Structures are given as C-alpha cells and as structure tokens.
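Please look over the sequence and the model below before reading on. The text then walks through the fold piece by piece.

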Amino acid sequence: MRVKNSEEDLPICSPWAVCSKVDLYQQPWIERQCRCPGSHSCPSGLSPHDGHTLTDKTRQFKLCEPVKKLPKCRFFRDMTWSLISNADNITEQIVHCHCPRGSVAYLIKRQAFQVNSGIGYKYSFACSPQSRLRCQRKEPCRLFTVRKRQERLEEVNTNTLCQCSHAHRCPKHHTDPGVLTGKSYVEEAIRTYSGYCMPILS
C-alpha cells in the first residue's frame, strides 16, 4: 500500500471535502487529498464502516465529517459529488449527498474553466440505479476509464451497462479477456476500454 503526500504539505479540507481516497481495484493504495481542520483527523484504515467513508465501486472516499449527516441523493437529479481538477494538478472532491444503497455514481457534466496557470476541469456526478437490463449481442457490458497517475499507478473507474445472460460473465478488470481498447484522451492521460460478456468455461 502506498501513502502519498506528507501531512504538512496538504491544504486544509473544505467542508465535506474528501480528505483521503482509497483505491482497491488492484493493489490497495491511499491518496491523501487534504487535512481535516482542528483536532479532527482523516480516517486512515481500509474499513468502509468507520462512519466517515463513502464507497463507490472499488473506491472509498474518507471524510472529516460523519457520513450519517449527509442527505440521500435522488436518482439522476442530485449531484452526489463534484471533482475539481486544477491546471496545477491539485484536485478537490466535494460531497453533496450519498447515493442510495445499490446504486452507482456516473459522470453527468464536464466543464472546463480558465485559471492563471492554464485550464482546469470540474466533473459533476449523479446517482443511477444499477442496470438490470440483459446485454444485447455485441453490446458491451462494462466500460473502464483508466487514468494514468504515475508511471506504475492507474486510477480506474468502471461502469456496468447491462447484465450478461446465463453462463456468461462480464470482465471485472480492464486487462481481462473480452476487453477491447477504446478511445484515448492524451491531454488528460485517459484511455477507455469496453468489456464484453464471455462464456463461463467449466
């Protein structure tokens, strides 16, 4: 497990900002975002049940505040969190509400804005119920968005689009069989992949 940034170098967290991100997609790694104000400390464990953690697929978002104080989001309407990525590579994630149990967060808006050091981006996410639709023939069952953070560190976001039919399974990892490479966005070091239902071999 890797812990990034020393505590002194981190900015003070804004209200409802994610103070630490835990990625469990491959080998677990922690990325500190900011330090909690006053005598509060950012939870450092991997437990999702510490009262300060929101879970999104293979990621955990740690907050300074207790998550039970967050309102519940309405599907498709409320923004669950916003992610601001500045040109100087500093990111801030602010949580507005928590997705209902069994739902997933998806990107609804991407806005570019000009700052002194260049172009920044604001990403807004909303909640959606997990799809129960059966996958059609030649239709991808899962999308992977892979963002290269460092030479050997990747941040992967997955979106399940549909459910595979009987005796088939959807790839869980972007390097699994049944995954095809999609578009690349060089300026943001992002590459996309599409996973297709594969027969389960007995």
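This is a predicted model: local features need pLDDT of at least 70, side-chain atom pairs count only at pLDDT 80 or more; totals for chains, interfaces and linings use all residues.

Residues are numbered from 1 along each chain as its sequence is written, and side-chain values use heavy atoms, with hydrogens and water left out.

The protein chain is divided into domain 1 (12–69), domain 2 (71–130) and domain 3 (140–199); these bounds come from an automatic or database domain assignment. Taken over C-alpha atoms, the centres of domain 2 and domain 3 are separated by 20 Å.

The structure holds five aromatic pairs (rings of Phe, Tyr and Trp, the last by its six-membered ring, with centres within 6.5 Å; planes under 30 degrees apart are stacked, over 60 edge-to-face, the rest tilted). One of them joins Trp81 and Phe125, which are tilted, with 5.4 Å from centre to centre and 35° between the planes. This pair links distant parts of the chain, as Trp81 in strand 6 and Phe125 in strand 9 (residues 118–129) are 44 residues apart. Strands here are DSSP runs of E with at least two residues, numbered from the N terminus. Both Trp81 and Phe125 are buried, that is, under 20% relative accessible area with a 1.4 Å probe and protein chains only. Together with Phe61, Trp81 and Phe125 form one aromatic cluster.

The largest pocket has a volume of about 1,300 Å³. Of its 47 lining residues, Leu83, Tyr123, Arg147, Glu155 and Ile190 are the closest to its centre. A pocket is an open set of points on a 1 Å grid over the protein atoms alone, where a 1.4 Å probe fits and protein lies on both sides within 12 Å along at least five of seven lines; lining residues have an atom within 4 Å of a point. The volume is the space filled by probe spheres set on the points. Strand 10 (residues 142–150) gives the most to this lining, with seven residues.

In the second largest pocket lies about 520 Å³ of space. It is lined by 21 residues, and Leu54, Thr55, His98, Cys99 and Pro100 lie nearest its centre. Strand 4 (53–56), strand 6 (79–85) and strand 8 (103–115) are the elements that give two or more residues to this lining, and strand 4 supplies the largest share, four residues. Domain 1 and domain 2 each contribute at least three residues to the lining of the second largest pocket.

Key:
Buried means under 20% relative accessible area, exposed over 50%, partly exposed in between (1.4 Å probe, protein chains only).
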